[in-house]
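Hello,

Here is the structure I promised to hand over. Please have a look at it first; my notes follow below.

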Amino acid sequence: MNEQHRDAPEIDAVLTGVGPRLRRLRKEREVTLAALSAATGISVSTLSRLESGGRRPSLELLLPIARAHEVPLDDLIGAPPVGDPRVRIKPIVHDGRTVLPLTARPGGLQAFKVVHRAGCEEVPEQRTHEGYEWLYVLSGRLRLLLAEHDLVLGAGEAAEFDTRLPHWFGPAGEQSVEYLSLFGPQGERMHVKARPKRA
C-alpha cells in the first residue's frame with residue numbers, strides 16, 4: 001500500500017469534521033448564510049452543502065471563509081495550534097487616513113482604529129448612508145459635523161449617531177487625530193453590559 005492510500009482514512013476524517021466546524025463557527029458569530037455568502041462570493045447553497053457534508057471542502061472554498069471569519073485556516077480543519085499566533089492587521093491608507101480593521105467578520109458591528117492626518121481633507125462634505133456609528137477619540141481632536149451641529153471631541157470623548165443623518169468627521173485644527181470607530185451597517189447599536197453596583 002503506498003503512502004497516499006495509507007493517509008486516506010485520516011484525511012477523510014479531517015474533512016468530515018469541517019462541515020460541523022463551519023456551522024458551529026458561523027452560529028457562534030451569529031452570521032447568516034446570506035451574509036457569509038455576500039462576504040465570500042460563495043453561493044448560499046454551496047455554503048449550506050459544505051456545512052451539511054454534502055460538498056467536499058477545498059482550499060478555494062475554505063480560504064475565503066477563513067478570511068471572512070478572521071480565523072486561521074487551521075481552525076476550520078481542526079489542525080493543532082502551531083506557529084506564530086499573532087494577528088497581523090493590514091492597514092488601509094486613503095485620503096490621509098490610515099484605517100486598521102479590528103474585525104473582519106461579515107455582518108454585525110465592524111470595528112476600526114483610524115489615524116487621520118491633518119491638512120489632507122478637502123472641504124468637509126456631509127454624507128448619509130444606512131447604519132449607526134460610534135466614535136471614541138484616543139488622541140488629538142476630532143471635528144464632527146452632524147446635521148446642523150458642529151462639534152469638536154477631545155481625547156476620551158465619544159459620540160454615537162444614526163448615519164442616515166448628514167455627517168462628516170476629521171481632524172480639528174492642525175494636528176492629526178486618532179480614534180476608534182464602531183459601525184453597524186444595518187443600524188446595530190453598541191450595547192455595553194456592566195454589573196450593577198452593589199448596595
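**Helices α4, α2 and α3**

Just after helix α4 (residues 44-52), G53 takes a positive phi of about 90 degrees. Helices here are DSSP runs of H or I with at least four residues, strands are runs of E with at least two, and both are numbered from the N terminus.

Before going on, two remarks on the source. This is a predicted model, in which local features need pLDDT of at least 70 and side-chain atom pairs count only at pLDDT 80 or more, while totals for chains, interfaces and linings use all residues. Residues are numbered from 1 along each chain as its sequence is written, and side-chain values use heavy atoms, with hydrogens and water left out.

Back to α4. Its buried residues are T46, L47, L50 and E51. Buried means under 20% relative accessible area, exposed over 50%, and partly exposed in between (1.4 Å probe, protein chains only). These four cover an arc of only 135 degrees around the axis, which puts them on the same side of α4. The arc is taken from the directions from the helix axis to the C-beta atoms. Their cover includes α2, α3 and α5.

E51 counts as buried because its relative accessibility is 6%. The E51 side chain makes a polar contact with the side chain of R26, at 2.6 Å. (A polar contact is a pair of N or O atoms within 3.5 Å; within protein, one must be able to donate a hydrogen and the other to accept it, and residues adjacent in sequence count only if both atoms are side-chain atoms.) Neighbours within four places in sequence aside, E51 is in contact (heavy atoms within 4.5 Å) with G19, P20, L22, R23, R26 and L33.

Now the helix pair. α2 and α4 pack at an angle of about 115 degrees, and their axes are 6 Å apart. Axes are lines fitted to C-alpha atoms, for helices over the stretch in contact, and angles run from 0 to 180 degrees between N-to-C directions. On the α2 side are G19, P20, L22, R23 and R26; they meet L50, E51 and S52 in α4.

Next, α3 (residues 33-40). L33, L36, S37 and T40 are its buried residues. They span an arc of only 105 degrees around the axis, which puts them on the same side of α3. A34 and A38, on the other side, are exposed. The buried residues pack against α2 (18-28), α4 (44-52) and α5 (59-69). Just after α3, G41 has a positive phi of about 80 degrees.

**Strands**

An open sheet has six strands in the order β1-β2-β3-β9-β4-β7, paired antiparallel. Two strands pair if DSSP finds at least two bridges between them. The edges are β1 (92-94) and β7 (158-162), each pairing on one side only. From one strand to the next, the twist averages 20 degrees. β1 and β2 (residues 97-101) run antiparallel and are joined by three bridges. There, H94 stands opposite R97.

Then there is β5 (residues 142-146), with four of its five residues buried. β5 pairs antiparallel with β6 (residues 149-153) over five bridges. The two form a hairpin with two residues between them, and A147 in the turn has a positive phi of about 55 degrees. Five bridges also join β5 to β8 (residues 167-171), again antiparallel. L145 stands opposite D150 in β6 and opposite W168 in β8.

Best wishes
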